[in-house]
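The sequence and structure are shown below.

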Amino acid sequence: MTYINRKWGYAAVLVLLAAMVACGDKSAPANPPLKENAAEAATADRQTETPKEAKTGTAPGVAAAVQVDETKASELQSQFQGEPSKVVVASVAIAEILDVLDVTPVGVPTSTVALPDKFKDIRRIGSALKPDVEQVANLQPDVVLGPESIKNSLEKQFKPAKLKTAYVPSDSLEELKLSTVVLGRVFKQEQKANAFIASMEKHEREAVSLAQDKTGPKVLLLFGSAESFMMMNENTFAGSIAKKLGASNVVSDVLKSEETYLPLNMENVVTANPDVILLVSHGDPQAAIQKFEADVKKNGAWEKLNAFKNKRVQALDYNLFGVASIVKAADGYKEMLGLLYP
């Protein structure tokens, strides 16, 4: 694939985010219109810390508190005035967190990705990127909860309707943990939040222990379809899991980029020379891999890349990695472990 300049690269980001954040919205057109704020949508704040081991000395049967960046947690919690009783949520990832906390919203996004079973009869509000503001307003929510990564876009839609909004980070697994802790505090469900994260981190530790004595490969994570690809750094859902398992993300560690999504540049790929290339495709994964392989051959880089020489170019399961999901993290670790350390 030839170099995609930054202008078009940023425009492509929002199209890709539409697949992840809007979660395959059934009402969205096949090729969503490009947005002017694409760069803003791809640069969510990522100031969370990796939660440390649970504190000791907790009473039997009571989940230990999860340690997070308290400055960031307080900042997020300050968006709420008391405990909201009527909540509209504009993200499947955040809807899953509410389900963990046993909080039932009055409105959820339209999505082809399955929402929690308990929410099947809840009013749909349209896509996460372009919700039906009039319908949201008719629900008279105390707060509309959205993903921090597309805050600017959603605020332009909700502000004229004078809707109360709050935004939490939901791109990487660490961000999902932080948001679960914060929302647990907001809705007075801290024990449920802590218990769920403790259970998830148990699976996380088991996966990490299996990778502990192995040499972590250099990995390139791609998101896209046969039409276009973006490179993902370690602050994405798949990227954060791979990092925890000891892999080196070439976008973060070799190309030294802090941008979450970068346009695919074949020269950079050759320079980084990843050991493993993993693709998250929101279309036909095999067609996407074939297109990527054709682009590599076209640029004369086929024999230079370790991933191709060792036949380690594979598609990730979109059901696990297409949308950031704290409830699918344990399965995500198992899948990623097998691909990084076959």
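## Helices α7 and α8

Helices α7 and α8 are roughly antiparallel to each other, because angles over 145 degrees fall in that class, while those under 35 count as roughly parallel, 65 to 115 as roughly perpendicular and the rest as oblique. Their axes come within 7 Å and cross at roughly 160°; axes are lines fitted to C-alpha atoms, for helices over the stretch in contact, and angles run from 0 to 180 degrees between N-to-C directions. Leu173, Glu174, Lys177, Thr180, Val181, Gly184 and Arg185 of α7 make the contact with Glu190, Ala193, Ile197, Met200, Glu201 and Glu204 of α8, where contact means heavy atoms within 4.5 Å. By class, this contact of α7 with α8 comprises 5 nonpolar, 2 polar and 6 charged residues (nonpolar: Ala, Val, Leu, Ile, Met, Phe, Trp, Tyr, Cys and Pro; charged: Asp, Glu, Lys and Arg; polar: the others, Gly among them).

## Basis of the description

The model is predicted: local features need pLDDT of at least 70 and side-chain atom pairs count only at pLDDT 80 or more, whereas totals for chains, interfaces and linings use all residues. Residues are numbered from 1 along each chain as its sequence is written, and side-chain values use heavy atoms, with hydrogens and water left out.

## The chain as a whole

The protein chain has 15 helices and 11 strands; helices (H or I, at least four residues) and strands (E, at least two) are DSSP runs, numbered from the N terminus. Of its 342 residues, 55% count as buried (buried is under 20% relative accessible area, exposed over 50%, partly exposed in between, with a 1.4 Å probe and protein chains only). Among the contacts in the protein chain with a separation of 6 or more, 69% join residues 24 or more positions apart.

## Two further helix pairs

Helix α7 (residues 173-186) also meets helix α3 (residues 70-77): the axes come within 10 Å and cross at roughly 50°, and the two helices are therefore oblique to each other. The crossing of α3 and α7 is right-handed, that is, the near helix is turned clockwise from the far one by less than a right angle, anticlockwise being left-handed. In α3, Glu70, Lys72, Ala73, Leu76 and Gln77 meet Leu178, Val182, Arg185 and Val186 in α7. The contact of α3 with α7 has 5 nonpolar, 1 polar and 3 charged residues.

The axes of helix α9 (residues 237-244) and helix α15 (residues 329-340) come within 10 Å and cross at roughly 65°. α9 passes α15 in a right-handed crossing. Phe237, Ala238, Ile241, Ala242 and Lys244 of α9 make the contact with Ala329, Gly332, Tyr333, Met336 and Leu340 of α15. These residues divide into 8 nonpolar, 1 polar and 1 charged.

## Nonpolar cores

The largest nonpolar core has 65 residues, and Leu183 and Met336 have the most contacts inside it; such a core is a set of buried Ala, Val, Leu, Ile, Met, Phe, Trp, Tyr and Cys residues joined through side-chain atoms within 4.5 Å. Its largest share, 7 residues, comes from α7. Apart from this core lies another, of 22 residues, including Phe229, Val250, Ala272 and Ile277.

## Positive phi angles

Most residues other than glycine have a negative phi. Glutamine 140, although not a glycine, has a positive phi of about 50°; this residue lies in the loop between α5 (133-138) and β4 (143-147) and is exposed, with a relative accessible area of 58%. Lysine 188, also not a glycine, has a positive phi of about 60°. Lysine 188 is found in the loop between α7 and α8 and counts as exposed at 57% relative accessibility.
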